[in-house]
Amino acid sequence: MNKEAIYERIVQILQDTFDIEAERITPEAKLYEDLDIDSIDAVDLIVQLKPLAGKRLNAEAFKSVRTIQDVVDALHQLVNEDSTVA
């Protein structure tokens, strides 16, 4: 899965689950400051991203995530790690 597909899925999750308007969601948008995603919401987001990765997501991989692009990059790295092992 490429970064663009991951980004589009994240946008969809944020809109559907958290009722965030599409225009507020940009790669540079900060989860906490710009989108009002708190720690509980972040856990919900990770749970919803799990099917994209096809495996259990390590919360440690998302500790340094601050923006939507950070989420995309972290998830893309996890997906690619999985495909290089296979």
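## Asp-73 and its partner

In this predicted model, Asp-73 has 28% relative accessibility, so this residue counts as partly exposed. Its side chain meets that of Lys-3 in a salt bridge, with 3.0 Å from N to O. Asp-73 sits in helix α3 (residues 68–85) and Lys-3 in helix α1 (residues 3–18), so the pair ties together parts that are 70 residues apart in sequence. Lys-3 is partly exposed too, at 36% relative accessibility.

The side chain of Arg-24 meets that of Glu-21 at 3.4 Å, N to O. Arg-24 also forms a salt bridge with Asp-36, at 3.7 Å, N to O. Both Asp-36 and Arg-24 belong to the loop between α1 and α2, and they are 12 residues apart. Because these salt bridges share partners, as a salt bridge is a nitrogen of Lys or Arg within 4 Å of a carboxyl oxygen of Asp or Glu, Glu-21, Arg-24 and Asp-36 join into one network.

How open are these three residues? Arg-24 is partly exposed at 31% relative accessibility, and Glu-21 is partly exposed at 37%. Asp-36, at 54%, counts as exposed.

## The largest pocket

By type, the lining residues divide into 12 nonpolar, four charged and one polar.

Terms used. Residues numbered from 1 in each chain as written. Predicted model: local features only at pLDDT ≥ 70, side-chain atom pairs only at ≥ 80, totals over all residues. Heavy atoms only, no water. Nonpolar A, V, L, I, M, F, W, Y, C, P; charged D, E, K, R; others polar. Helix = DSSP H or I, 4+ residues; strand = E, 2+ residues; numbered from the N terminus. Buried < 20%, exposed > 50% of the residue type's maximum accessible area, 1.4 Å probe, protein only.
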